[in-house]
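The sequence and model follow.

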Amino acid sequence: MKRNIIGSATVATVGLLFFPWDAWAYLDPGAGSMAIQALAAAVFTVAVFFRQIRNWVCSLFRKGSHHDKL
Amino acid sequence: MTNFECPPECFSFRDPAGGAVRIGNGFFRRITAAGWEDWRKFNDSGLAKSLVADGLLLPFDKAEKQPSGDWLAPVETLDFISYSHEWAFGQFRDAALLTLELLLRALEYGMTLKDASSCNVQRHRGRTVFMDHGSFTVYHEGEVWAGYRQFVAHFLGPLLLMAWGDRRHQLQLRNFPDGLPLDYVAGALPRRSLFSLQALVHIYGHAWFQHRLQDTADLRAPEIRPLPRKRFQTLLLSLRDFLSGLKSPSESGEWSDYYDHTSYSEASFLDKQRIVRELCRELALRRVVDLGANTGVFSRIAAETAGVVIAADVDFPAVDRLYGQLQNMGGGERIFPLQQDLCCPSPGLGVLNRERLPFLERARADLALGLALVHHLAIGCNWPLELVGALFAELAPAAVVEFVPKSDTQVKRLLRTRPDIFPEYGRDGLLAAFGRYYRRVRVFPIAGSEREIFLFDERIA
């Protein structure tokens, strides 16, 4: 999973160097709302990562599947 | 006064790519030249077909080009339009989850949602469906979500306030049709919300960023960090997991015995159900509005024969419970639970007061049900009985009204802390008041009770 995240982030970052993106929309997304999204996504990506580690450790001590929830 | 004639509806005008229009009795999705490429991708990619097949999107037909240069696609007609400030908590949460689900699905097809308005979602045939077919636009890798602010203001913020703060914050959405401002949400949330990562980031952090970047003299577009698709999806999944676990106090059981007390016997209650059932069958109704529906016992009876039943009640927990029961036990394809204070029904809101139509206009029906309601309006809220009659006549050409005499414990309870200033309140007073609006009346006594049910019909034009 971690490898997936790192791989995807690398592909996306490299892709962004070559492809411009456009945040045009008919509604004003708001500067603050645009600015916080990358940070928010990073926070929850890290949170998911640690949750998965916790679930993996838990799975060593008990049987059954675990549900990823934030 | 001017001679300007207000258009009957102006609910969909902001997006230059198109909007929803009503032509005659049919509804259409209008697509302009500016929105045609998005519309084509939405259809050609298979996204539209898959969403309709899964019951997530309101069904629609192929778009045809019009002489004006626009395209029109017929869409299935909704039986009833409601707004987020009227929804049960569960319906509100389902609408938020549907918006996230659609966005996640759209990303798989290389598309995204350009907005996240609660108006894009409606209840249709017992399901929560997305009705803004024009919201889908091509996704570019790394772009931030233009609808993020709207999603937080329309869905996440109100839901958090309703679940963790005061359920009545929902009514503030009447004052803020484009969602609750984040500083309002941040200020009104209880302190314990600071321990939630979701609230910390999406509400408090978001409000701080908004405040920091809004008062700048710099006219250049702000520098925005890209948001890779995988991270965007993780963000949406974390929101979906969080919201699916969010419950209102009424859902978590705090109000579980709230409506288990009635003032009459089981036999009388069954007889009342029999009378209402027989009247609904006899009248062969298409549309019923149940005023003071409570947890919907009689709305369900009306829905056995009527095509559409609008079940309105002032009490939030009652509306929440009805929606929860309909979702869990089924049978609610024709029932629309709605929070509505009849002393202050939803007014016309937004542009020209026509962007969101008033409740009394939307809820017009073939029959208005008012069971165990009139004493609350007449004694609890000081309505002259004539106004009660006017309310029913405004809504429907026929009315089924339960009369509860002053000797009933429920009326005594209303009068226990105040002088009886209601000499007009009584059987004769009710008949005279409704007689101003309806020509004919039939009376059905409820067995084992002093209560009676009146059927008024032949409304006076």
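R123(B) has T128(B) as its bridge partner in β7(B). Strands β6 (residues 121–124) and β7 (residues 127–130) of chain B pair in the antiparallel sense over four bridges; pairing requires that DSSP find at least two bridges between two strands. Their hairpin has two residues between the strands, and R125(B) takes a positive phi near 50 degrees there. Strands (E, at least two residues) and helices (H or I, at least four) are DSSP runs, numbered from the N terminus.

The model is predicted: local features need pLDDT of at least 70 and side-chain atom pairs count only at pLDDT 80 or more, while totals for chains, interfaces and linings use all residues. Residues are numbered from 1 along each chain as its sequence is written, with chains lettered from A and ligands numbered from 1 in the order in which they are written.

## Four-stranded sheet

Chain B also contains an open sheet of four strands with antiparallel pairing, in the order β1-β2-β4-β3. Its edge strands, β1 (18–23) and β3 (64–65) of chain B, each pair on one side only. Within chain B, five bridges join β2 (residues 26–31) to β4 (residues 71–75) in the antiparallel sense, and I31(B) stands opposite W71(B) in β4(B).

## Contacts of V289(B)

Not counting residues up to four places away in sequence, V289(B) touches I310(B), A312(B), A363(B), A365(B), A368(B), L395(B) and A396(B). Contact means that the C-beta atoms of two residues, placed from the backbone, lie within 7 Å.
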